[in-house]
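These exercises ask you to read a protein structure step by step. Keep the sequence and the 3D view side by side, and try each task before turning to its solution.

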Amino acid sequence: MTNNRLIERLPKAELHMHLEGSLEPELMFELARRNNVSIPFESVDEVRAAYEFSNLQEFLDIYYQGMAVLQRPADFEDLTLAYCRRAHADRVRHVEVFFDPQGHTKRGVSMDTVVQGITGGLERAREELGLSSQLILCFLRHLDEADAFETLREAEPYLEHIAGVGLDSSEVGHPPSKFARLFAECGKHGLRRVAHAGEEGPPEYVWQALDELEVERIDHGNRALEDSALVDRLVDSAMPLTVCPLSNLKLCVVDDMQAHPLRTMLDRGLNASVNSDDPAYFGGYMNANFAAVAQSLALEPSHLGELAANSFRSSWLSDAQKQPFLDEIDLIVTEFTAV
Ligand code: HPA
Ligand code: ZN
């Protein structure tokens, strides 16, 4: 109860959220109607009932299917603004969001449509909510290197809107090393680099993301805990891990929330933050993710403050932009523990 009040008050940054994963069933139906796209569901309830997954791939199959309703710039703008409003209601004050262009270009929707729509939504969120944002282009790792290079080429006219690149989709069997040359090229373009690693894949994939992709954040990173030398490396470099508790539960990365490694991560000195991943599919936005771990792992107010502070420290805001949020978090936690 008290923890939930603290969670509501803390300013937060969200660093691991796929815009296409914020497509709520209601908007999916509205866009299906608007664009005359058929979807294999009769009702919003039926869509929600289909969201039972036993692994990452089962989720991805439905996630790529859902994207089919996104056709025009206005669709991407509506999706983006809806997410921003929802995040802002959870006191998220800065977002660094992913999008999956290959999920759209593969079905004939142009890079221009996608980027124009998303940047339009982010701009409106900046004006309407004062929400700051950066955009991260994710490459689908189940597709080949040539496809990713072609996607980078298509994105070149829009790089002023894109802060960095990431790597997502089916992890096992698609190691980071597959994209070493691509990420080197992205680095030459001045793009920042992150990658999903250690969600289902082994610690070796986290090593590769660090050494071969030269990432500055690891998305998920749960399985890094299996390798103590890797944990030391992550602690020593204060490498951010963007952890997604409800996602981990829904995709059976953890058996139950009590078994979630987040508290262990903090105890080991890892720089972990809380994120919602694909909130429309996994049952909750930022504060629901915080509340789930706060309760199941019996987190103290100091842990919650640390997680919120880590989210800003790990963001791509400047030090001058981060400091007021870090000061505010300190003040709120101090106030909270004093009463
Ligand atoms: N993992 C990998 N790929 C993804 C995810 C995820 O959690 N969400 C959207 N694409
Ligand atoms: Zn993700």
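In which loop is the place of Leu 251? The place of Leu 251 is in the loop between α12 and α13 (262-267), where helices (H or I, at least four residues) and strands (E, at least two) are DSSP runs, numbered from the N terminus.

Before going on, note that this is a predicted model, in which local features need pLDDT of at least 70 and side-chain atom pairs count only at pLDDT 80 or more, while totals for chains, interfaces and linings use all residues. Residues are numbered from 1 along each chain as its sequence is written, chains are lettered from A and ligands numbered from 1 in the order in which they are written, and side-chain values use heavy atoms, with hydrogens and water left out.

**Exercise 1. Decide whether Leu 251 is buried or exposed, and find what it touches.**

Step 1. Recall the cut-offs: buried means under 20% relative accessible area, exposed over 50%, and partly exposed in between (1.4 Å probe, protein chains only).
Step 2. Leu 251 has a relative accessible area of 2%, and therefore it is buried.
Step 3. Contact means heavy atoms within 4.5 Å. If neighbours within four places in sequence are left aside, Leu 251 is in contact with Phe 53, Ser 54, Asn 55, Leu 56, Phe 59, Glu 199 and Phe 282.
Step 4. Compare sequence with space: Leu 251 and Gln 57 are 194 residues apart in sequence, but 8.8 Å apart in space, C-alpha to C-alpha.

**Exercise 2. Describe how helix α4 begins and which of its residues are buried.**

Step 1. Asn 55 caps the N-terminal end of α4, with a side-chain oxygen that lies 3.1 Å from the backbone nitrogen of Gln 57.
Step 2. The buried residues in α4 are Leu 56, Phe 59, Leu 60, Ile 62, Tyr 63 and Gly 66. As a general point, an α-helix has 3.6 residues a turn, so residues three or four places apart point the same way.
Step 3. Among the elements that cover these buried residues of α4 are α2 (25-35) and α14 (279-282).

**Exercise 3. Find how many cavities of 30 Å³ or more the structure has, and describe the lining of the largest cavity.**

Step 1. On a 1 Å grid over the protein atoms alone, a cavity is a set of points where a 1.4 Å probe fits but cannot get out, and lining residues have an atom within 4 Å of a point. Grid points are joined across faces, edges and corners, and a volume is the space filled by probe spheres set on the points.
Step 2. The search of the whole structure finds 1 cavity of 30 Å³ or more, and the largest cavity has a volume of about 110 Å³. It is lined by 16 residues, of which the closest to its centre are His 18, Leu 56, Phe 59, Leu 60 and Asp 278.
Step 3. Helix α4 (residues 56-66) gives the largest share of this lining, 5 residues.
Step 4. Sorted by class, the lining has 6 nonpolar, 5 polar and 5 charged residues, where Ala, Val, Leu, Ile, Met, Phe, Trp, Tyr, Cys and Pro count as nonpolar, Asp, Glu, Lys and Arg as charged, and the others, Gly among them, as polar.

**Exercise 4. Relate the cavity to the domains of the chain.**

Step 1. The chain is divided into domain 1 (1-11 + 244-339) and domain 2 (17-162), with bounds that come from an automatic or database domain assignment.
Step 2. The C-alpha centres of domain 1 and domain 2 lie 24 Å apart, and the contact takes 23 residues from domain 1 and 29 residues from domain 2.
Step 3. Each of domain 1 and domain 2 supplies at least three residues to the lining of the largest cavity.

How values were computed. On a 1 Å grid over the protein atoms alone, a cavity is a set of points where a 1.4 Å probe fits but cannot get out, and a pocket is an open set with protein on both sides within 12 Å along at least five of seven lines; lining residues have an atom within 4 Å of a point. A polar contact is a pair of N or O atoms within 3.5 Å; within protein, one must be able to donate a hydrogen and the other to accept it, and residues adjacent in sequence count only if both atoms are side-chain atoms.
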